[in-house]
Amino acid sequence: MNILLTGGMGYIGSHVAIVLLEAGHHVVLYDNLCNSDAGVLARIAKITGKEPIFMEADVRATSTLTETLKNHAIEAVIHFAGLKAVGESTQKPLAYYANNVEGTISLLESMSEVGIRTLVFSGSATVYGEPQYLPLDEAHPTSATNPYGRTKLYIEEMLRDISLSDPSWRIVSLRYFNPAGAHESGLIGEKPTGAPNNLMPYMAQVATGELKELSVFGNDYPTPDGTGVRDYIHVMDLAEGHAAALSWLAGHFGWHAINLGTGEGYSVLDMIAAFAKASGRDIPYRIAPRRKGDVAACYADPGKALRELGWQARRRLHVMCEDVWRFQRRLPRP
């Protein structure tokens, strides 16, 4: 199958590209490189023995996107392109609406023009808002506590509406929990262009001494140790979930939401201890005020993914930490 990955040079997209290439698909990566590294292309080729096609462009460039879909005879799209940091979204909400919502409208217009009706959307568990119960299943009411989450929620509503307007669409929103880890080769992983927004890469830079300490945002949540609890999923498990979802869509019309998570919650202090063990380094930290938009605990009921996709997460927390540390040690030091 010919598959377009918008934002395909990024953290999750690059790992999905590896899984798809190794499965024999033809992959086109479409990315404006605003939060990714052009060197990823060569590393994907080194891992798989196949180099995907790369198109440097913004997903909001509708005419360019349409031509890309036509020129490469694309049959399905996996949509990753967008901004993704909760904290930053509270500071730059308009940038998030422009990139995420406007970008998705552009993509849907291009797909409609070309006649492509198969889409896997990079969704988020942030659409569950403040959890009313745990673990979170797909029937949980949706809402949002920050602009990033609202963009994901608005996009899901658009996707549901477009599938109702035209029953030939096949769409699945994969609601991620917290991606972590790196490819086992150590060649690709999460490499932020600025200060890390996610916990794992931040801890990795503290472990190498590039950053002085980790800020733990809040220690007064109603959780076992007072710090936020999250469901961390290995990025390669996540990537395999996309391949499973794409195969599943071949037999399913309409819009569907499916969680991708492990069903286990780890606190920030749990994560610090696990990373310190994997790296053999101390992870200095300080307690900071809660961040606006954060929730106390968030972890998945992943049962639907197992029932529908035949998928479940296989890699545990210690593997995530070991793979991140292997990737971090291979990066050139500043």
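A residue is termed buried under 20% relative accessible area, exposed over 50%, and partly exposed in between (1.4 Å probe, protein chains only). The structure is a predicted model, in which local features need pLDDT of at least 70 and side-chain atom pairs count only at pLDDT 80 or more, whereas totals for chains, interfaces and linings use all residues. Residues are numbered from 1 along each chain as its sequence is written, and side-chain values use heavy atoms, with hydrogens and water left out.

Helices (H or I, at least four residues) and strands (E, at least two) are DSSP runs, numbered from the N terminus. Helix H1 (residues 11-22) is largely enclosed by the rest of the structure, because eleven of its twelve residues are buried. Among them are Tyr11, His15 and Leu21. From the first C-alpha to the last, H1 reaches 18 Å, close to the 16 Å expected at 1.5 Å a residue; the expected span is 1.5 Å times one less than the number of residues. After H1 comes Gly24, which has a positive phi, near 95°.

Strand S6 (residues 170-176) is mostly covered, with seven of its seven residues buried. In a regular strand the side chains alternate between the two faces of the sheet. Along S6, Arg170, Val172, Leu174 and Tyr176 point one way, while Ile171, Ser173 and Arg175 point the other way. Two strands are taken to pair if DSSP finds at least two bridges between them. Strand S5 (residues 118-124) runs parallel to S6 and is joined to S6 by seven bridges, with Ser122 the bridge partner of Leu174.

A separate description applies to the open sheet of three strands in the order S12-S9-S14, in which the pairing is mixed. Strands S12 (266-267) and S14 (297-298) form the edges, each pairing on one side only. Strand S9 (residues 229-230) pairs with S14 in the parallel sense over two bridges, one of the partner pairs being Val229 and Ala297.

The structure holds 16 salt bridges (a side-chain nitrogen of Lys or Arg within 4 Å of a carboxyl oxygen of Asp or Glu). In the pair formed by Asp37 and Lys191, the closest N and O atoms are 3.4 Å apart. Asp37 lies in the loop between strand S2 (26-31) and helix H2 (40-48), and Lys191 in the loop between strand S7 (178-180) and helix H7 (199-207), so the pair ties together parts 154 residues apart in sequence. Both are partly exposed, Asp37 at 25% relative accessible area and Lys191 at 41%. Glu264 and Arg316 form a further salt bridge (2.1 Å, N to O).

Asp237, in helix H8 (residues 235-249), is buried at a relative accessible area of 0%. Its side chain reaches the backbone nitrogen of Arg314 at 3.0 Å, a polar contact (a pair of N or O atoms within 3.5 Å; within protein, one must be able to donate a hydrogen and the other to accept it, and residues adjacent in sequence count only if both atoms are side-chain atoms).
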